[in-house]
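User: Hi! I am new to reading protein models. Could we go through one together, step by step?

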Amino acid sequence: MAIAKQVLKSKPVCKVTFSLSADEVAGAKDVALLGEFNGWATDAATKLKKQKDGSYKATVELETGKEYAFRYLLDGTTWTNDETADKYVPTGVSYDENSVVVL
């Protein structure tokens, strides 16, 4: 797992690249990114694209100066966090935690 951040000079936006290695997706065919930035809605989820090495990656533009909770959803059934998240917060729904990216 990895999160890369690139702050744009022209506007208060950061391009955040989320990625999961082939081992981390454990054979999943559909990898989605859900979070506060897309209302946690599966129909609005950002789909990660499979790379040649079997990893999955997606880039999202997010407003700087904020924090965003997120998680990955594998094959529509398995939630997973990002090990490289800036911090973690309780989901408020279960005993699980959400990953957080701080911009």
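Analyst: Gladly! Ala69 stands opposite Val100 in strand 10. This is a predicted model, where local features need pLDDT of at least 70, side-chain atom pairs count only at pLDDT 80 or more, and totals for chains, interfaces and linings use all residues. Residues are numbered from 1 along each chain as its sequence is written, and side-chain values use heavy atoms, leaving out hydrogens and water.

User: How many bridges link strand 7 and strand 10?

Analyst: Strands, like helices, are DSSP runs numbered from the N terminus (strands: E, at least two residues; helices: H or I, at least four). Two strands pair if DSSP finds at least two bridges between them. Strand 7 covers residues 67-74, and its antiparallel pairing with strand 10 (residues 97-102) has a bridge count of four.

User: Which residue in strand 7 is the bridge partner of Leu34?

Analyst: Strand 3 (residues 31-35) also pairs with strand 7, in the antiparallel sense and over five bridges. Within strand 7, the partner of Leu34 is Arg71.

User: Which residue in the turn between strand 7 and strand 8 has a positive phi?

Analyst: Strand 8 (residues 78-80) pairs with strand 7 in the antiparallel sense over three bridges, and Leu73 stands opposite Trp79 there. The two strands form a hairpin with three residues between them. In that turn, the residue with a positive phi, about 50°, is Asp75.

User: Is Tyr68 buried or exposed?

Analyst: Buried means under 20% relative accessible area, exposed over 50%, and partly exposed in between (1.4 Å probe, protein chains only). In strand 7, seven of the eight residues are buried. Tyr68 has a relative accessible area of 10%, so Tyr68 is buried.

User: What kind of aromatic pair do Phe37 and Tyr68 form?

Analyst: Rings of Phe, Tyr and Trp (its six-membered ring) pair if their centres lie within 6.5 Å; planes under 30 degrees apart count as stacked, over 60 as edge-to-face and the rest as tilted. A search of the whole structure finds five such pairs. Phe37 and Tyr68 are 6.2 Å apart centre to centre, with 65° between the planes, and this pair is edge-to-face.

User: How many residues apart in sequence are the parts that this pair ties together?

Analyst: Phe37 is in the loop between strand 3 and strand 4 (46-47), whereas Tyr68 is in strand 7. The pair therefore ties together parts whose separation in sequence is 31 residues.
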